[in-house]
Every structure is written in structure tokens, then in C-alpha cells.
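Dear colleague,

Please find below the structure that I am handing over to you, together with its sequence. My notes on what was found in it follow directly after.

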Amino acid sequence: MTFALELKKTKRTGFFPAFFLGALAASSLPVINTAARPDSFIHQALPAGDILLNANWLMLAMLNIFLVIIGACILYHTEFSNGGIEKMHMLPISRNQIFFCKALLLLLGTGTMLLIESLFLVFCACHWFPESPGLLSAVFQNTCYSLLMMLPVIILMLLIASLCRNMWVSLGVGITLLFTAQMVMSSDTILTYFPFALPFQFLSSSGYSREKTAFLAAALTESVLFGVFKILLTKFRRYTL
Amino acid sequence: MNLFSLIKIELIKIRRTHIFCLMIIPCLLLWLPSVLNADMNFNNPSGLSPENSFFIQGFMGFAWILFPALLVVITVMLNQIERTNKGLQKMLSLPVSIPMLCLAKFFVLLLLAGGLILIMLALYYPAAALASAKMDYDFLLSGSLVFKESLLIYLCSVPMAAFYWLIAGCIRTPVFSIGIGLASIVPSVLVMNTKVWFAYPMCYPFYTIAKLMGSLADGKNFISIDLIPWLPVAAGFTLICILLSCLLFGNSERR
Amino acid sequence: MNIIETHNLTKRYKDFTAVSHINLHIPKGQIYGFLGPNGAGKSTTMKMFLGLTKPTAGTFTIHQMSYPKDRREILRKTGAFIESPSFYGNLTGEENLDILRRILGLPKSSVKDALTLTGLYEFRRRPASQYSLGMKQRLGLAGALLGRPPMLILDEPTNGLDPAGIHEIRTLIRSLPEKYHCTVLVSSHLLSEIQLMADTVGILNHGKLLFEGTMPHLTDYAVKMGYPADNLEDTFLAMIEEDNLKRGGIK
């Protein structure tokens with residue numbers, strides 16, 4: 001029931017349109033990129049999926065994270081802007097339930113977005129690389145992988161948005177985190193496991209290497225950690241927020 | 001009421017908005033990993049000298065995302081100051097010229113952008129000094145190069161700022177104006193490698209720094225960018241954006 | 001002499017007419033009470049006077065001047081307070097007024113004057129976002145009174161104030177025409193309130209002007225039309241109800 005209510009709350013906030021249009025905008029990048037200079041791509045001796053991901057994933061991942069930041073801000077802005085959350089807290093309803101339903105919504109939005117992007121990647125591959133065996137399964141695996149890699153970003157960002165009454169603060173923090181991720185993602189230290197740096201990882205045709213599995217484990221651990229953190233917060237900060 | 005006194009009024013309005021915190025913290029975050037990873041500058045693949053590499057790496061991160069992203073946020077924030085408590089409605093019922101008001105606000109945006117560059121510069125020197133002390137190597141570059149490049153980035157950002165100003169004025173839902181602004185940053189990596197880079201103002205700052213990197217790697221100390229058709233396109237773009245935003249300013253408050 | 005005159009002033013939004021062919025005559029140096037239930041079109045009319053919204057049809061003059069030609073001159077002579085107060089939350093009450101003062105080109109003393117007049121002086125250093133509802137309302141009023149303009153447009157100025165505050169503000173408004181020779185257009189949805197302040201009254205319902213005239217005229221009119229005349233509140237309610245019935249509404 002809570003989920004249905006949360007879904008209703010997103011009405012006219014532009015939450016789903018944002019993801020849909022954002023996905024279309026992001027998907028147009030690989031198409032334009034490949035169409036503009038096909039020569040620099042088609043002669044590479046790599047599977048089609050790899051070429052496309054190598055060339056575009058940095059941009060796509062960045063746009064995806066931007067959208068998750070914005071989505072989280074929208075979800076909690078409707079609560080804070082006119083005091084809706086105070087009313088919610090006066091009702092016999094679990095605060096954690098509200099949070100995790102919102103997380104599910106955000107996951108749904110992200111999933112839709114990734115799916116649309118994958119479809120366009122498949123289109124690019126079919127159009128410019130007619131002979132690409134195993135393409136569908138590779139792209140599909142990458143979609144699932146990316147969704148899991150987005151999970152810590154989703155939960156962390158929602159956590160931030162739920163803690164800041166002022167949307168500007170959560171937005172600023174989100175962008176700063178994304179920026180930090182940009183700075184640390186190429187370092188070879190533990191910092192590559194920084195939550196906002198994870199979505200920049202993608203699955204190439206070589207499949208699960210040890211490294212990729214480590215990233216996956218990190219993503220899941222971080223998600224659980226942030227989730228537990230939220231539950232603890234609601235427990236100990238009952239009278240504030 | 002002339003433009004100058006209007007700008008003064010607009011500057012009063014940004015008091016206590018924490019806009020400076022918003023500008024300083026990301027810049028600090030930018031230089032921190034640079035100093036920590038200072039040793040990476042010694043094996044630079046593009047053949048830059050370590051001190052040049054240190055400078056370019058920092059400013060490249062700045063020019064690519066941080067600077068445009070902060071400009072977007074500042075622009076929307078400036079608009080929200082007017083909208084949250086209907087301050088703009090009061091302004092519109094006062095005897096001021098509305099396009100002038102819009103222009104004054106745009107100048108405040110440019111002033112803040114300038115402030116951002118100054119913060120970046122002010123942090124570069126201590127960061128370079130720290131890295132020098134850490135690695136026992138002189139990372140400090142001559143002032144003229146650093147200042148020239150900063151000035152260039154600043155000038156290049158004017159068309160971009162005008163574009164964001166237009167977006168923030170037209171799209172009333174703050175989340176969406178931010179969204180469009182941020183989304184417009186990402187393709188600059190793509191566009192700047194094409195022949196029509198000058199048609200996409202969001203990539204100007206990034207383009208100049210990439211050019212500088214190229215010429216520094218070649219051992220030159222200056223950058224050569226074709227001013228035609230860049231300058232006319234940039235100027236035209238800026239003018240159109242400012243004109244449109246002045247015309248549209250406050251329209252939704254006067255339905 | 002009339003300071004504001006309107007001729008068939010009309011404002012239509014897509015599928016709804018907010019103000020329909022009204023002809024107002026607001027005499028100089030008096031308090032004009034603008035009365036009507038919520039959503040009658042009072043605020044819309046006042047917004048048109050301030051150039052905040054464009055009339056769909058009809059014209060109006062203020063001091064024999066009109067929009068958009070004399071916009072600045074009209075606004076310079078008009079102090080306004082529309083709907084919920086508008087201000088900058090991050091600035092203190094004093095700073096908010098200072099911005100207005102600079103734009104109007106007034107001396108510094110005018111800020112203190114307006115703050116004292118509305119009883120906000122002791123809170124002048126507090127950010128406006130931390131003001132209570134009543135204080136925000138007073139800040140809006142102070143903004144309107146700043147520089148003591150010859151024309152004041154006040155939209156429900158006593159909303160959100162406590163009884164003592166209502167009384168205080170009412171007395172203040174009542175005293176303005178004598179003290180500063182200004183004209184006041186004040187709106188309210190309470191007749192009892194208008195009755196205590198206004199010299200002339202205009203009653204609006206669903207965008208139509210039902211009555212315009214002095215208070216004694218209103219009593220005469222009520223007697224003539226068979227409305228209860230001993231209590232003006234009843235007169236007002238009966239008038240609105242009859243109009244609603246005529247429009248095919250349900251009682």
C-alpha cells in the first residue's frame with residue numbers, strides 16, 4: 001500500500017518523465033557519437049558491445065548519476081516543500097517503509113532508464129556492426145550489472161535527500177560527490193570503491209573477472225550499509241527527522 | 001535607477017545564502033586528491049612536465065564539470081531566491097525596468113563566476129606549494145600562464161552562463177532547470193573533439209584547457225585557437241540568450 | 001475626484017473569468033473597501049492595477065495614467081501588498097526594506113519609519129524566514145507604507161494577525177488618509193472589517209461588481225432590495241447568496 005501511495009505522490013512532480021526524457025537524451029549520445037565518426041569505431045578489433053561501451057559509458061554513467069541525484073531530490077522535495085512529511089509522521093505509518101518505497105521507485109526509474117539506453121546501444125550495434133555475435137546477452141548482462149552498481153548511489157542519495165530539508169543542500173552534496181567520484185575513479189586505491197564511482201564500471205564481453213565481482217560485492221555491501229544506517233537513524237532521531 | 005545601483009541591490013539579496021560555501025568546498029575537494037596523488041604527475045602519458053601536468057589536471061576537472069555544474073546551481077539558486085517567498089512579485093510592483101533587473105542579476109552571476117575562478121586560483125597556489133613540499137619538486141608555475149588561462153576560462157564561460165541564465169528563467173521547476181543544465185555539460189566531451197565545437201558553448205572552457213594541454217605537451221607556452229568563427233558565434237549566442245531572458249523575465253509572475 | 005477608474009475591466013484565464021466587466025470609481029483621499037468572498041476576483045483586480053497581470057479587455061487609469069506607458073510613474077506613487085507577503089527569506093526585515101528603499105530612491109530614515117509604524121522595529125535584525133505569520137504580514141505592510149506613497153493597495157492586510165494586531169493595523173490604516181493624505185484600496189472578505197475602516201465599498205462576487213457606494217448607501221440599498229439591513233454582515237451574505245442562486249448555483 002505504501003508503495004502505491006508513494007507512486008501517487010510522484011504525480012505531476014515530473015519524476016518519471018524526467019527519467020524517460022533523461023534516458024532518451026542519454027541514449028542519443030552513443031547514436032550521435034557513432035554516426036559522427038563511424039570510421040574510428042568500426043575498425044577496432046573488439047566485440048561491438050565493448051567498442052560502444054568504451055566510447056560512451058563514461059558519459060552515460062554520468063548522466064545516469066545526475067538523474068538519480070535529481071530523482072532523489074524530486075522525491076523528497078515534494079515531502080519537504082509544503083510540510084507533507086510532517087503530516088506523514090503524524091500518521092500510523094513506518095518511516096522506513098516510506099524511505100524504502102521511495103528507493104524502490106528510484107530503482108524502477110533507473111531500471112527503465114538503463115533499459116532504454118541498452119535498447120539504443122543494441123540499435124547502434126546492429127546498425128554499424130552487423131556481425132556481432134552474443135550481443136544481446138552481453139548488453140543485457142551489462143544492464144543488470146549497471147543497475148546493481150547504481151544501487152549504492154540510489155540509497156545514499158536518497159538518504160542525503162531525506163536528511164536535508166533544503167533541496168539545494170542535497171543537490172549540492174550530490175553533485176560534489178559525483179565530482180569527487182570523477183576525481184577518484186581512476187586511482188588504484190580503495191577509493192575506486194567510492195559509491196558514486198561504482199556506476200562508471202561496466203561489464204565488457206570478457207565477463208566477470210575477479211575485479212568486476214569485487215565491484216559487485218562492494219556495491220551490495222555499501223547498499224546494505226546505507227540501508228542499515230537509515231534504519232538506525234530513524235530509530236535514534238525519532239523526534240527530529 | 002541605473003544598472004550599477006541595481007547590481008548593488010542584487011548583491012544584498014545573496015547575503016546569508018551560503019553561496020560562498022557552495023563555491024569553496026568543491027574547489028577544496030578538487031585539489032585534495034591532486035595533492036595526495038601528486039606522484040602520478042611524474043609519469044604523464046602525454047609528455048607534460050610534472051608541474052604542467054599538476055596544473056592541467058586540476059584545471060581540467062574544474063573546467064569540465066565543476067565550473068559548469070556550479071554555474072548551473074548558482075544560476076538556479078539566484079532565481080530561487082526571488083521565487084521562494086515571492087520576492088520577485090514585489091520587485092515587479094516597484095518602479096524598476098524589468099529587463100534592467102534581469103540584466104543586473106546576470107551581472108551578479110558573472111561576478112560570482114569570477115569569484116569562483118578566483119577561489120580556484122587562490123587554492124592552486126597552496127595546493128602546488130603543498131605538493132612541492134611533499135614530493136620535493138617545484139610544482140609552482142609562472143603566474144602569467146596561470147592567470148592567462150584562468151582569464152580565458154572565465155571569458156569563455158560567459159556564453160555558457162547566458163545559456164544557463166535563460167534556462168533557469170524559462171523553466172520554473174528548479175529541479176528541471178538544474179537537470180537540463182547538468183545534462184548539457186556531459187556531451188561537451190563529445191562535441192569538443194568535432195569540427196563544430198564552437199557551436200556548443202558548454203564546451204568552451206574545457207576546449208581551451210585541452211588546447212593548452214596540447215600546446216604545453218608540444219613545448220609551446222601559448223595556445224592558438226581560431227577566433228573565426230568562434231568569436232562571432234559565441235557573441236551572437238550570448239546576445240540572443242540575454243535578449244530572450246530579459247524579454248521573458250518575470251513573465252510567469254505576470255500572467 | 002477619482003484616483004482609480006476602470007472601464008469594463010475584464011480578466012479571463014483559459015476557461016474561467018476571474019474579473020468580468022467591472023467599473024470601479026475610487027475617490028481620492030478616502031479608504032475604499034473591496035469586499036468579496038474568497039476567489040471573487042479581488043486580488044486579480046489589484047494585480048491588474050499593479051501591472052502584475054494584463055487585462056483581457058477593458059481599461060483603467062490611475063492618476064490619469066495608464067499601463068504600460070506610465071508603469072514606472074504609477075508604481076512610484078503606489079505602495080502595494082498583495083496576497084501572501086513577498087520578501088527575501090534570507091534577509092532581515094531591515095535589509096528587505098532597505099532593498100525597496102534603494103529602488104524607490106528614498107532616504108534611509110524611511111526604513112525606520114516604516115518599521116516603527118508597523119511595530120516591527122525590535123525584530124528588524126531577524127531573518128524574515130524566521131518571522132511569524134503576523135510578522136511577515138507586518139513586513140509586507142511596512143514595504144507598502146515605505147516612503148508614504150499617495151496611493152496604497154492592500155490585499156487582506158489583516159490576514160493571520162491576532163485580534164490585537166488586527167485592531168492595531170486597522171487603526172493605522174484608518175488614520176492614513178488624514179495623516180498623509182493618501183488613498184487606500186483595501187480588500188477583505190469580512191464586511192465587519194470593511195465597515196470599520198472604509199468610506200466607500202465595492203462588493204464583488206464571481207468577478208462581478210454587485211454594489212458600489214458609500215456605507216450609508218449600502219444600508220439604503222439593503223432596505224430597498226429587502227435584505228436584512230440591521231446587520232450589514234447579513235446584508236452581505238444575503239447579497240452573495242442571491243447572486244449565487246441567480247448564477248444557477250446550489251444554495
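This is a predicted model: local features need pLDDT of at least 70, side-chain atom pairs count only at pLDDT 80 or more; totals for chains, interfaces and linings use all residues.

Two strands are taken to pair if DSSP finds at least two bridges between them.

Six strands of chain C form an open sheet with mixed pairing, in the order β6-β7-β8-β4-β9-β10. Its edge strands are β6 (78–81) and β10 (208–214) of chain C, each of which pairs on one side only. On average, and with direction ignored, neighbouring strands of this sheet are turned by 15° against each other.

Strand β4 (residues 31–35) of chain C is joined to strand β8 (residues 183–188) of chain C by five bridges, and the two run parallel. Within this pairing, C:I31 stands opposite C:V184 in β8(C), and C:F34 has C:S187 in β8(C) as its bridge partner. β4(C) also pairs with β9(C), in the parallel sense, over four bridges; here C:Y32 stands opposite C:T200 in β9(C).

How many residues of β4(C) are buried? The strand is mostly covered, with five of its five residues buried. In a regular strand the side chains alternate between the two faces of the sheet. In β4(C), C:I31, C:G33 and C:L35 point one way, whereas C:Y32 and C:F34 point the other way, and all are buried.

Helix α8 (residues 215–225) of chain C lies across β9 and β10 of chain C and runs at about 120° to β10(C).

Two packed helices are described by the angle between their axes and the distance between the axes. Two such pairs in chain B are described here.

In chain B, helix α2 (residues 19–36) and helix α5 (residues 98–135) pack at an angle of about 30°, and their axes are 9 Å apart. Because angles under 35 degrees count as roughly parallel, α2(B) is roughly parallel to α5(B). The crossing of α2(B) and α5(B) is right-handed. From α2(B) the contact takes B:I19, B:M23, B:I24, B:C27, B:L28, B:W31, B:S34 and B:V35. These meet B:L112, B:G115, B:L116, B:I119, B:M120, B:L123, B:A127, B:L130, B:A131 and B:K134 in α5(B). By class, the residues of the contact of α2(B) with α5(B) are 15 nonpolar, two polar and one charged.

In the other pair, helix α6 (residues 143–170) of chain B packs with helix α9 (residues 204–217) of chain B at an angle of about 150°, with the axes 8 Å apart. Angles over 145 degrees count as roughly antiparallel, so α6(B) is roughly antiparallel to α9(B). α6(B) passes α9(B) in a right-handed crossing. The residues of α6(B) that make the contact are B:E149, B:L152, B:I153, B:C156, B:S157, B:P159 and B:M160. Those of α9(B) are B:Y204, B:P205, B:T208, B:I209 and B:L212. The contact of α6(B) with α9(B) has nine nonpolar, two polar and one charged residues.

**Contacts between the chains**

Which chains share the most contacts? Of the two pairs of chains in contact, it is chains B and C. Their contact takes 25 residues from chain C and 23 residues from chain B. On the side of chain C that touches chain B, the elements giving two or more residues are α2 (71–76) and α3 (93–104) of chain C. Of these, α3(C) gives the most, with seven residues. This side of chain C divides into 13 nonpolar, six polar and six charged residues.

In the contact of chain A with chain B, 26 residues of chain A meet 25 residues of chain B. On the side of chain A that touches chain B, at least two residues each are supplied by α2 (15–36), α4 (48–81) and α8 (167–184) of chain A. The largest share, ten residues, comes from α8(A). This side of chain A has 17 nonpolar, nine polar and no charged residues.

Chain A and chain C do not touch, and their nearest C-alpha atoms are 13 Å apart.

With kind regards

Terms used: Residues are numbered from 1 along each chain as its sequence is written. Chains are lettered from A and ligands numbered from 1 in the order in which they are written. Axes are lines fitted to C-alpha atoms, for helices over the stretch in contact, and angles run from 0 to 180 degrees between N-to-C directions. Angles under 35 degrees count as roughly parallel, over 145 as roughly antiparallel, 65 to 115 as roughly perpendicular and the rest as oblique. A crossing is left-handed if the near helix is turned anticlockwise from the far one by less than a right angle, and right-handed if clockwise. Two residues are in contact if their C-beta atoms, placed from the backbone, lie within 7 Å. Ala, Val, Leu, Ile, Met, Phe, Trp, Tyr, Cys and Pro count as nonpolar, Asp, Glu, Lys and Arg as charged, and the others, Gly among them, as polar. A residue is buried if 20 or more other C-beta atoms lie within 10 Å of its own, exposed if 12 or fewer, and partly exposed in between; C-beta atoms are placed from the backbone.
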